[in-house]
Amino acid sequence: MTTISNPRSIRRQNAFKIVGEEVTATSARDAATQAGLDWQVSLSEVHTNTLTPNGVNKLQVHNTFASVRTNNDGSQAVLGTVGGRYKVFQNDEMFSALDMLVDSGDARYAFAGEVKGGAQVYMVLELPKGVKIGNDEHACYLVARTSHDGSTALQIAPSIQRLRCTNQINGIFSKSATYNLKHTTNAEFKIEYIKRIIPVTYTGIEMYETIGNKLINVELTDTEVDNIFKKMWSLPSIIEQTPFGMLSTGQKRQYNSAMTARYKAKDIYKGETGTQEELYGTAYGVFQAVVEYADHFSHKSEATRAERIITGSADRIKTKALDLLMKG
């Protein structure tokens with residue numbers, strides 16, 4: 001592991017910044033304020049109206065509450081619905097346990113923001129140490145994210161960013177490297193778990209460094225690379241082997257989607273985007289090409305791609321690529 005003093009300039013904007021803000025705060029409260037997360041959340045009863053012979057009857061929906069966001073100007077918005085055991089945590093309250101990591105010098109607040117109108121919020125801490133695979137430099141982060149709509153618990157997990165192209169390497173770490181706190185009535189932060197985050201995180205980062213150094217020394221032919229991309233975006237044999245003109249409309253759509261992904265990933269791998277210097281011909285280059293495709297080309301909307309990175313929905317394809325390459 002290495003300390004990065006002069007990282008390469010980032011060619012693409014950081015996903016955390018696309019839908020959030022870069023912060024310079026030294027506390028979660030200040031970071032939340034700088035990023036516009038200083039709004040409050042409360043629960044409100046949910047009712048439904050039914051028609052009766054005597055008119056409209058208003059009924060309460062039992063064990064269901066609306067999670068309501070109240071902004072500083074008094075305006076409100078419903079973030080989602082939750083059950084009766086759901087416990088509200090305010091944004092700064094959820095992330096305040098991270099202050100001890102900042103106070104100790106183990107991390108610094110770097111980014112914070114919201115997605116889906118505040119239904120999910122996140123805070124990113126940058127770690128002082130980075131990773132180098134060959135000459136390929138990476139920055140390391142802790143990403144704390146949670147929801148106000150019941151879709152996810154509070155999670156704190158490591159994330160690695162390739163500086164050459166802001167590729168986000170997430171989802172490859174073991175479950176032991178992720179801290180989870182459910183929004184239930186008896187939930188509380190346990191400080192001893194927070195203290196364990198840094199060493200467990202660096203264990204996960206070292207695992208990535210080991211894997212990366214292994215993959216960068218694995219040489220692949222173009223045929224082998226094509227086969228990997230074919231497995232990454234596989235098609236049923238009936239679609240793969242049938243002439244395009246004989247496919248149904250749905251099958252054509254499926255075929256075009258898979259082929260577009262394969263060809264684009266191959267173009268990235270061969271150097272089209274200028275981010276694969278010294279990586280062509282290696283398994284590591286194939287992995288980074290898949291990650292770059294997922295992060296920067298899998299959807300037309302930059303904001304949607306950024307949201308997928310932050311919420312973790314882009315992790316599956318990256319993990320699949322790594323599994324294929326490690327098995328090979």
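The dialogue below sets computed values against their definitions.

Tutor: This is a predicted model, in which local features need pLDDT of at least 70 and side-chain atom pairs count only at pLDDT 80 or more, while totals for chains, interfaces and linings use all residues. Residues are numbered from 1 along each chain as its sequence is written, and side-chain values use heavy atoms, with hydrogens and water left out.

Student: How do you know what confidence the predictor has in the protein?

Tutor: The pLDDT is the predictor's confidence in each residue, from 0 to 100. Its mean for the protein is 88, and 92% of the residues reach 70 or more. Over residues 1–10, however, pLDDT stays under 50.

Student: Why is Trp233 called buried?

Tutor: Buried means under 20% relative accessible area, exposed means over 50%, and partly exposed lies in between (1.4 Å probe, protein chains only). Trp233 has 12% relative accessibility, and therefore counts as buried. Of the 328 residues of the protein, 47% count as buried.

Student: Why is Thr275 called buried?

Tutor: The relative accessible area of Thr275 is 2%, so Thr275 is buried.

Student: What makes the pair Thr275 and Glu292 a polar contact?

Tutor: A polar contact is a pair of N or O atoms within 3.5 Å; within protein, one must be able to donate a hydrogen and the other to accept it, and residues adjacent in sequence count only if both atoms are side-chain atoms. The side chains of Thr275 and Glu292 make such a contact at 2.6 Å.

Student: Which residues does Trp233 touch, not counting residues up to four places away in sequence?

Tutor: Contact means heavy atoms within 4.5 Å. Among the residues that Trp233 touches are Ala258, Val290, Tyr293 and Ile317.

Student: What is the volume of the largest pocket, and what makes a space a pocket?

Tutor: On a 1 Å grid over the protein atoms alone, a pocket is an open set of points where a 1.4 Å probe fits, with protein on both sides within 12 Å along at least five of seven lines; lining residues have an atom within 4 Å of a point. The largest pocket holds about 410 Å³ of space, a volume being the space filled by probe spheres set on the points, which are joined across faces, edges and corners. Of its 17 lining residues, those closest to the centre are Trp233, Tyr293, Ser298, Arg308 and Ile317.
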